Amino acid sequence: LKSLFLLAVFSPEGGDCVGMFGVTALGPQNPFSCNLLSALGVTNYSDEEFYEAFQQIDADAQGRIDKGEVFQLLHTTYGFEPMPEEITLFVDRFALNEEGSLSWDDFQQGLVSIRQTARQAGKNAAQFTSVQEYTVDRRKHLRPRRGPMDVYKNPMTTSQLVGWHEEEVENERFPIRSCAETQYQDAVIKSGWKL
């Protein structure tokens with residue numbers, strides 16, 4: 001047990017603290033890279049895995065699925081519900097709000113396009129591309145060009161939870177309520193009676 005603990009805590013190269021086989025009780029070792037928009041399921045699963053799910057959904061073996069079945073295909077491939085941002089990419093690329101069907105070749109070409117879009121979104125994570133940009137920004141104290149919603153899938157801090165996704169805001173109005181004495185005084189003042 002003691003040697004297993006040492007294996008889990010210290011790496012043989014330099015004694016840095018690491019989790020056992022990348023698993024920690026507190027979540028991923030680098031939550032920032034796991035939460036980037038470029039870390040979508042489409043970038044982590046191969047075409048073969050998508051093809052297996054495509055064949056499972058294509059029950060009649062015609063090589064086509066309905067556009068409405070793409071969500072089921074994503075769930076079958078991933079084993080969980082895809083992120084809303086990823087669903088938006090698929091809806092935009094394949095026009096899933098319209099009727100029709102998709103062949104495997106069309107779907108595979110769409111996967112390539114969506115992966116390129118995800119990689120481009122991953123480039124947004126780097127705020128600076130050179131030391132010169134960093135030093136200028138540090139001296140002038142410029143605001144970041146991209147907000148957290150442009151870089152991450154989920155909020156990274158509790159304060160980012162507010163307004164992360166568009167939410168409907170309702171402001172309940174509370175009319176002024178006055179006690180009987182205040183209402184009497186207001187009526188006296190309105191009438192113009194001198195005290």
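Helices (H or I, at least four residues) and strands (E, at least two) are DSSP runs, numbered from the N terminus. The views show a predicted model, in which local features need pLDDT of at least 70, side-chain atom pairs count only at pLDDT 80 or more, and totals for chains, interfaces and linings use all residues. Residues are numbered from 1 along each chain as its sequence is written, and side-chain values use heavy atoms, with hydrogens and water left out.

**View A. The loop residue Ala95.** Ala95 is located in the loop that runs between helix 6 (84–94) and strand 2 (101–103). Its phi is positive, at about 50°, although Ala95 is not a glycine. Most residues other than glycine have a negative phi.

**View B. The salt bridge of Asp47 and Arg115.** One salt bridge (a side-chain nitrogen of Lys or Arg within 4 Å of a carboxyl oxygen of Asp or Glu) is present in the structure. Asp47 and Arg115 form a salt bridge in which the closest N and O atoms are 2.7 Å apart. The pair links distant parts of the chain, since Asp47 belongs to helix 4 (residues 47–57) and Arg115 to helix 7 (residues 104–123), 68 residues apart. Both Asp47 and Arg115 are buried; here buried means under 20% relative accessible area, exposed over 50%, and partly exposed in between (1.4 Å probe, protein chains only). Arg115 counts as buried because its relative accessibility is 12%. Leaving aside residues up to four places away in sequence, Arg115 is in contact (heavy atoms within 4.5 Å) with Val42, Thr43, Tyr45, Ser46, Asp47 and Phe50.

View C. Helix 7 has 20 residues and spans 29 Å from its first C-alpha to its last, close to the 28 Å expected at 1.5 Å a residue; the expected span is 1.5 Å times one less than the number of residues. Its buried residues are Trp104, Phe107, Gly110, Leu111, Ile114, Arg115, Ala118 and Ala121. These residues lie on the same side of helix 7 because they cover an arc of only 145° around the axis, taken from the directions from the helix axis to the C-beta atoms. On the other side of helix 7, the residues Asp105, Gln109, Arg119 and Lys123 are exposed. The cover over the buried residues of helix 7 includes helix 3 (41–44), helix 4, helix 5, helix 6 and strand 2.
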